[in-house]
Amino acid sequence: MRFAGAQKIYACKEHEPLAIPIRDLLTEAGDLDIYPEIASRGYFDIAFRQGSLLLRATRFVGLIPISDRIAVHVAPKAPIANLIYMVWRAGKELDGLSGFIRGYQEEPGVVTSPEELYVKSFIAALQVLRTSGPLRRYERRETDSELRGRLMVMPSVSRFIARGYRDRHFFEVFDHSVDITENRILKHTTERLLRHFVAQPAGGNSAVAKELKGVLALLGGVDAGAVNAVTVARRVPGLMRSLPYTHRFYEPALWLSYLISTRSGVSMDMVGRAHFETVIIDVSLVFENYVRKICLERAVTHLGGCEILDGNRWPIPLFVTSAKHTVHPDLYFRRLGRIVAVADTKYKPEPSTQDRYELLAFCEALGVMNAAFICPRTGSEPTTTHYGTTKTGRRIDVLRIDLAQRDMGPEEDQFVISLNKILAIT
């Protein structure tokens, strides 16, 4: 990714404060140079303190410009592979990026495709292949044309010997091969990019096509014929988490392959006049959809077959005397026709006082006694915390899910088990 207009890029983690000296934000005439969209779109909470602009990253991660000369790179606390995994799991439909990306330059409309937006970064990410070589892994296959490997007796008997072909046999062979899923995805993406730039040879596209052909030569022993956009979307999140240390440089290339092939949960945006190429992800929305997906998938096995409803789609009247005012909980649970519990996702270290009041309003509107906030877990925080019980007997808890686990499957199972327990759903 690049931010061509910026002279300085600051870095911070999501939800953490960042102080930028006011002098870095002043023009030569002494005016404060900050894009008005920064405050209006909620990318940061903003305050001025002791000669600095104090920014606190909210729910967005990515490279976010705040002026023509300054950008802030907000990194997710969860590993990038796990963030992609969440994006994929939260997605409802995996469509192409075409028609979705906007250009980030002074002349609008120049960048009209993901191929053009990401090609330079993709080629740069794969240049390491020239020195380190492609990733290899032992892959199992069966063959009847080579006399090597382990003889497979039963297949040889049933397919050949029983039919009179005594000189033919099946063997099980393990090859240290480059023809593995990671390389197939990279080759599929390279071929997609090459088709695009060959079809449009104007300008500098011919030079780009030449570079892509050089990348393809490094993946000559790889067969990408069976790979498509759905394959990329399903496999990349898991593959990134299992890359060996020697080939961690595959991570950005696989991430770019994912971005080129899908748009699920990823929001592209344009801020100010600067020329930049980036992805800004609303992690709060991704987290909400991710948690809902986990609950829906495990409703029968872990939640007693209850219905999981989305208050944004099916709002609840706050007052029994009027339907004018409604509440919109992220999740509420209905079992045997009766609403039994409610939960609200909060992608932040700690729910606020206003969040607690809102959750109690959900309880009142739904007529339930058990409610929970669902938050990401970082560091040594407990998985569950009991906030308290009101005088009317309504119980509020916080349940956290660890988004940094290498294998998210068991973490998701344990999360739903704990959710069932603290909300007394079954």
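Biologist: At what angle do the axes of helix H10 and helix H13 cross?
Modeller: The model is predicted: local features need pLDDT of at least 70, side-chain atom pairs count only at pLDDT 80 or more, and totals for chains, interfaces and linings use all residues. Residues are numbered from 1 along each chain as its sequence is written, and side-chain values use heavy atoms, without hydrogens and water. Helices (DSSP H or I, at least four residues) and strands (E, at least two) are numbered from the N terminus. The axes (lines fitted to C-alpha atoms over the stretch in contact, with angles from 0 to 180 degrees between N-to-C directions) of H10 (residues 283-297) and H13 (residues 408-423) come within 10 Å and cross at roughly 80°.

Biologist: How are H10 and H13 oriented to each other?
Modeller: Their axes cross at roughly 80°. Angles of 65 to 115 degrees count as roughly perpendicular, so H10 and H13 are roughly perpendicular.

Biologist: Which residues of H13 meet H10?
Modeller: Contact means heavy atoms within 4.5 Å. On the H10 side stand Tyr290, Val291, Ile294 and Cys295; their partners in H13 are Met408, Glu412, Phe415, Val416 and Leu419.

Biologist: What is the angle between the ring planes of Tyr43 and Phe60?
Modeller: Tyr43 lies in the loop between helix H1 (37-40) and strand S4 (44-49), whereas Phe60 belongs to strand S6 (residues 60-65), 17 residues apart. These rings form an aromatic pair (centres within 6.5 Å) at 4.9 Å centre to centre. The pair is edge-to-face (planes over 60 degrees apart), with an angle of 75°.

Methods
Angles under 35 degrees count as roughly parallel, over 145 as roughly antiparallel, 65 to 115 as roughly perpendicular and the rest as oblique. Rings of Phe, Tyr and Trp (its six-membered ring) pair if their centres lie within 6.5 Å; planes under 30 degrees apart count as stacked, over 60 as edge-to-face and the rest as tilted.
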